[in-house]
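Have the viewer open as you read.

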Protein chains: 2
Amino acid sequence: MSTKAFAAQSATSPLAPASITRREPLPTDVQIDILYCGVCHSDLHQARDEWHNYAPTTFPCVPGHEIVGRVTKVGTRVTKFKVGDFAAVGCMVDSCQSCPNCAKRLEQYCHQFPTFTYNSPDKHSGSHTLGGYSEQIVVDEAFTLKVSDKANLAATAPLLCAGITTYSPMRHWKVGPGKKVGIVGLGGLGHMGVKFAKALGAQVVLFTTSPGKVADGKRLGAHEVVVSSDPNAMTPHLHSFDFILDCVSAEHDLNSYLALLKLDGTLCLVGAPEKPLPVAAFSLLLPRKSLAGSGIGGIAETQEMLDFCDQHGIVSDIELIPIQKINEAYSRLLKGDVKYRFVIDMASLKSGG
Amino acid sequence: MSTKAFAAQSATSPLAPASITRREPLPTDVQIDILYCGVCHSDLHQARDEWHNYAPTTFPCVPGHEIVGRVTKVGTRVTKFKVGDFAAVGCMVDSCQSCPNCAKRLEQYCHQFPTFTYNSPDKHSGSHTLGGYSEQIVVDEAFTLKVSDKANLAATAPLLCAGITTYSPMRHWKVGPGKKVGIVGLGGLGHMGVKFAKALGAQVVLFTTSPGKVADGKRLGAHEVVVSSDPNAMTPHLHSFDFILDCVSAEHDLNSYLALLKLDGTLCLVGAPEKPLPVAAFSLLLPRKSLAGSGIGGIAETQEMLDFCDQHGIVSDIELIPIQKINEAYSRLLKGDVKYRFVIDMASLKSGG
């Protein structure tokens, strides 16, 4: 079926209207009418082929992996969804489902790589996957999430990437009461990190380079906000953190944050700066510390996160935009000018050109 | 009491004979006649002030923290030792003994820093501590280790640093049967790493840049030896390791080893290269992995390690030298020309100039 979308035709061309094809639902597929799609920094990286060395972009590229919509058709063997249900799709639409990591329900770490929602080889079409900046998407129900009827759908969309990306490492490293937790960077990921760390019961310290974000950091739930460019503000926190979630995708100094960890503390990267970051061995040795990375989360954990958000009234702070403003939104994203996630109102695509 | 020693008087002067003073044993002190002292790469770094930014050297510098000897005097309240016993001293001679990390018996991570065996402020002398390249040392019994009567004393000396530095992270990250463990670098630390990983029951793969070390790696216990400069030899090991112990203190590429880790695997640094090493976020993200560091081990764990070595017949492979050859030994150390640890026969100091 032919579907309207917004696509980049090359690394240097802006996103523009395009027509793409979605498959007819297979027996275990769900067809979703996309209502909202969040705008992730990865969308921009991928559309501009900025991860060329790690994940080169195949064009045309239709980004978007924070998808919320309504089920419009279900395959003959679908059991979790019926037409009219709300549904969500995150960063993955398939995986081998047989390797040890898939068996652990960590499909994001599939040995054969998961099929990402965009820019992955698509075993159905023979081409590559196309994401959520589009009217419709067809996804196996095993990779489709349930969304509460009561949810604020637009503000739920960013949970599918920004949410799970910050929730999963906090669960893995056991963020909770009695733990001192740092969040580095107040953007799309960071503002979700603050909300989750607070809801999980930790003592939350937000690090930002922007003095103008201090008040907002506290509003979002941080017990303390440290302006990280001020060494005097950092010093009192030396050797005191159990866990720090680093949500910055620009180049920055990791060693100054490693210095804040206590024995057996972990600094976990969820942003993906283009260039390698220098790490001093001494930053990790005395005392024993870890620098880790974490990528999104498994499907079961994503559902757990959505349910957690439903229980705790957590959504993303968003700015709703029509899809015609996506290129302007990318420019503003690069300047950090968004509080804290753009979400595309897909009605604009249906009604627009 | 006045004691013969070998000291560096500046960062650029060779080690040469010197006379130093040791305190009379206090009530909980043990006075040890040093029989053997291992030569650690840290000795060279410190004597030449190569860690200036992290741990600047105070001169004169008497290195040496792999000390084995015989007890010649004990304080009035000493209970663990009597005159004539064999005893050992490692990298630390004191700590605050009251902070949370000392309470966990991880004195090496003391919040106020442990008193290292050399180049630390010495609360008794008011000056700085002086290490094992000397005839005698006086140490609190709480920081003195028991050595078996049956031990090969010279080959036991390197266990006090090279041994515990590799043993402690293997215990922390649960190296044992069913685990695939890599050791990077076959030197003083690496050869102990191979022996411990084997004795702990792991599948052991040694990585070396030297094709000439393959046979020796197998002799020491590695099930497989990979020449790491050959990418074709590395590829079959991608995403397969539970734990890799990186024993290299020169600059090298961490990302190629991070790529060998499986989900939740850890690459642990125990060498301390002078310059920060570049780490790509993507090396840690998919799947979730950690880069960690570990520094020596606590006193209780050091005793556990010595007892483990006694049970398993583990000692270091050494080349015994007279102290008059220490500067030549440093030159050879820089060329990697030692299998695998120089140990000073301290009889040469007593009899020599």
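Start at the interface of chain A and chain B: the rule finds 0 salt bridges across it, a salt bridge being a side-chain nitrogen of Lys or Arg within 4 Å of a carboxyl oxygen of Asp or Glu. What the count does give there is 9 residue pairs in polar contact, both residues at pLDDT 80 or more. A polar contact here is a pair of N or O atoms within 3.5 Å; within protein, one has to be able to donate a hydrogen and the other to accept it, and residues adjacent in sequence count only if both atoms are side-chain atoms.

Before going on, some housekeeping: this is a predicted model, where local features need pLDDT of at least 70 and side-chain atom pairs count only at pLDDT 80 or more, while totals for chains, interfaces and linings use all residues. Residues are numbered from 1 along each chain as its sequence is written, chains are lettered from A and ligands numbered from 1 in the order in which they are written, and side-chain values use heavy atoms, with hydrogens and water left out.

Back to the two chains. In contact (heavy atoms within 4.5 Å) are 37 residues of chain A and 37 residues of chain B. Together the chains bury about 3200 Å², 71% of it on carbon and sulfur atoms; buried area is the accessible area (1.4 Å probe) that two parts lose on being put together, summed over both.

Now find strand 16 of chain A. Strands are DSSP E runs of at least two residues and helices are H or I runs of at least four, numbered from the N terminus. Strand 16 of chain A runs antiparallel to strand 16 (residues 290-293) of chain B, joined by 3 bridges, where pairing takes at least two DSSP bridges. Leu291(A) stands opposite Leu291(B) there.

Domain 1 of chain A puts 24 residues into the contact and domain 2 of chain A puts in 22. These two domains bury about 2000 Å² between them, 55% of it on carbon and sulfur atoms. On the domain 1 side, Cys161(A), Phe308(A) and Tyr340(A) lose the most area to domain 2, together 29% of what that side buries.

How many salt bridges link the two domains of chain A? The count is 3. Elsewhere in the list of pairs, Arg171(A) and Glu304(A) meet through their side chains in a salt bridge (3.1 Å, N to O).
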